[in-house]
Amino acid sequence: MKIIFDRKLLCEVFPPLMCAVSNKSTLSAIEGVLIEAQDASSGSCVLTTYDTDKGIRITVDATIYKPGRYIINAQKFSQIIRVMNGDEIELTVDDKQTAKISSGRSTYKMPALDGDSFPSLPEIAHDKGFVISQSLLRGMVAKISHAMASDETRQIFNGAFFKIEGDVLTLVSCDGVNLAKCSRKTEIQNKNADGSPLSYSFIVPVKTINELSKLLSDDDEDMTEIYVTRKNILFILGGMTFFSRLIDGDYIDYNRIILKT
């Protein structure tokens, strides 16, 4: 494999990629970034990180001289490209799975892994979903995130409850003591493949919510596509795809708990 990246661009995409890198695993593959350069004529390659709970996929402009699919330790790769001072990063991986990273007069070598050892990504169909403003969602998350819990005995509290009914989105969190609820009536584009009305709910894990809040834009014109299956959720944010498992279980009847005035 041989690829040339714009160094500045590569440095910009690594912070979000690092949110799905595992640092406490015996599996080396999920401590790495999967680099896929399949087509020399495409002018881009795909970078993926996945800790088996959540993952990020970003398509990056690149010049591909030799296609390939390899895994490189994400933390080390990120540190190396940041200290280099050239305008471009040349990445090559030879037949012995040795990665060479070059920029200007600097060259680093490190081991790589075959891309086939990367864990299988969840298949998330685009049959059920919606489109909403990133800034609106970010603001709603900020209002309920303080009441999310970390409770091993009641998993449903370890995240944020989402409920969509037509043009109303509701987010709820509860840590067993505090409860936060935020509802907004807004323009929500229906992306259900069968054209059915928007009416479903799900629980997004706290770690996913925390990382999502960093990825969402403050620009009112930026939108995010959200697709949901029984076990997983997918957020499309421009050229970035963020996906995560969901928490299985029935959420509490929060309307019964909230005092009526």
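In this predicted model, strand β17 (residues 232–237) is joined to β18 by six bridges, and the two strands run antiparallel. Within this pairing, Phe 235 has Phe 242 of β18 as its bridge partner. The two strands form a hairpin with two residues between them, and here Gly 238 adopts a positive phi near 65°. Strand β18 also pairs with β4 (residues 54–61), again in the antiparallel sense, this time over five bridges.

A pair of aromatic rings is described by the distance of the centres and the angle of the planes. The count of aromatic pairs in the model comes to seven. One of them is formed by Tyr 50 and Phe 243, with 5.5 Å from centre to centre and 45° between the planes, and the pair is tilted. The pair links distant parts of the chain, as Tyr 50 belongs to strand β3 (residues 44–50) and Phe 243 to strand β18 (residues 240–245), 193 residues apart.

Attention now turns to a sheet elsewhere in the chain. Four strands make up an open sheet in the order β13-β12-β11-β15, with antiparallel pairing. Seven bridges connect β11 (residues 159–165) to β15 in an antiparallel run, and Phe 161 stands opposite Ile 203 in β15.

Two helices pack on this sheet. Helix α3 (residues 134–144) touches β11, β12 (168–174) and β13, and its direction makes about 160° with that of β13. Helix α4 (residues 206–215) touches β11 and β15, and its direction makes about 90° with that of β15.

These helices also meet each other. Two packed helices are described by the angle between their axes and the distance between the axes. For α3 and α4, the packing angle is about 135° and the axes are 10 Å apart, which means that α3 is oblique to α4. The crossing in which α3 passes α4 is left-handed. On the α3 side the contact involves Gln 134, Leu 137, Arg 138 and Val 141, which meet Ile 209, Leu 212, Ser 213 and Leu 215 of α4. By residue class, this contact comprises five nonpolar, two polar and one charged.

Helix α1 (residues 7–18) and helix α2 (residues 74–83) have axes that come within 10 Å and cross at roughly 150°. With angles over 145 degrees counted as roughly antiparallel, α1 and α2 are therefore roughly antiparallel to each other. The crossing of α1 past α2 is left-handed. From α1, the residues Arg 7, Leu 10, Cys 11, Phe 14, Pro 15 and Met 18 meet Ala 74, Gln 75, Phe 77, Ser 78, Ile 81 and Arg 82 in α2. The residues of this contact divide into eight nonpolar, two polar and two charged.

Technical notes. Residues numbered from 1 in each chain as written. Predicted model: local features only at pLDDT ≥ 70, side-chain atom pairs only at ≥ 80, totals over all residues. Heavy atoms only, no water. Pairing = 2+ DSSP bridges. Contact = heavy atoms within 4.5 Å. Axes fitted to C-alpha atoms, helices over the stretch in contact; angles between N-to-C directions. Parallel < 35°, antiparallel > 145°, perpendicular 65-115°, else oblique. Left-handed = near helix turned anticlockwise from the far one by under 90°. Nonpolar A, V, L, I, M, F, W, Y, C, P; charged D, E, K, R; others polar. Phe/Tyr/Trp six-rings, centres within 6.5 Å; stacked < 30°, edge-to-face > 60°.
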